[in-house]
Amino acid sequence: MASEELARKLQRRLRRVEADEPEPAPHAAPAPEPVPAPPVPAASADAELSAQLSRRLDIHEGAARPRRCRVFNPYTEFPEFSRRLIKDLESMFKRYDAGRDGYIDLMELKLMMEKLGAPQTHLGLKGMIKEVDEDFDGKLSLREFLLIFHKAAAGELQEDSGLMALAKLSEIDVALEGVKGAKDFFEAKVQALSSASKFEAELKAEQEERKREEEERRVRRAAFRELKAAFST
């Protein structure tokens, strides 16, 4: 019986070879059925809105990524300000930038407000910075500092806010305009010269002022040399 069974297997194998059929593997396990991939959820209609709300929340909490730095030109970004006014505000900014890093941080702003006679609480100082902090770094750049005075001129600051106190109590003499507030002061500055000729006129005035100062120094040096020569004889 065993020999007959072996003979039948050999015959079947021979027929497969002749027919060029592949021989099935003995005891081959059935191929596993492919596991279906989990369905990919369709994009929600409000996904973009959710991302925007998350971004706004990050900005509100101070966790948003700062913007990239770019070249800042105060004369082109604040054309309503005169050159003299921008220079005065820049000098004020540098005076309170104790760290000389180009920023006024929380402690430097605290010292500034104390010297101006309008001390603020810690939360008040943070609120002042937050109102103009465009890059969310928790300190004031020169552009953001000038933005305070821009907002004051445009009437965008609350009358009892810390930023308005800074604008009114700064070394910029609003009394020359009748003590009518920072807004009237800046508007008077803007109306003083037409926008077309203002820059050229102020630049010429600066050059003449430098020449006058240099002439005064030359006269003082000459007088000192004469005085020194008189004592030497």
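I began with Glu206, which is buried at a relative accessible area of 8% (buried means under 20%, exposed over 50%, partly exposed in between, with a 1.4 Å probe and protein chains only). The model is predicted, and local features need pLDDT of at least 70, side-chain atom pairs count only at pLDDT 80 or more, and totals for chains, interfaces and linings use all residues. Residues are numbered from 1 along each chain as its sequence is written, and side-chain values use heavy atoms, with hydrogens and water left out.

I placed Glu206 in helix H10 (residues 198-232), where helices are DSSP runs of H or I with at least four residues, numbered from the N terminus. Leaving aside residues up to four places away in sequence, I found that Glu206 touches Arg83, Arg84 and Lys87 (contact means heavy atoms within 4.5 Å). The side chains of Glu206 and Arg83 make a polar contact at 3.1 Å, that is, a pair of N or O atoms within 3.5 Å, of which, within protein, one must be able to donate a hydrogen and the other to accept it, and residues adjacent in sequence count only if both atoms are side-chain atoms.

I then turned to helix H4 (residues 83-96), whose buried residues include Arg83, Leu85 and Tyr96. Its 14 residues should span 20 Å at 1.5 Å a residue, and the end C-alpha atoms are 20 Å apart, which agrees; the expected span is 1.5 Å times one less than the number of residues.

Last, I looked up H5 (residues 106-115) and H6 (residues 122-132), in which Leu106, Leu109, Lys110 and Met113 of H5 meet His122, Leu125, Lys126, Met128 and Ile129 of H6.

Technical notes:
Helix = DSSP H or I, 4+ residues; strand = E, 2+ residues; numbered from the N terminus. Axes fitted to C-alpha atoms, helices over the stretch in contact; angles between N-to-C directions.
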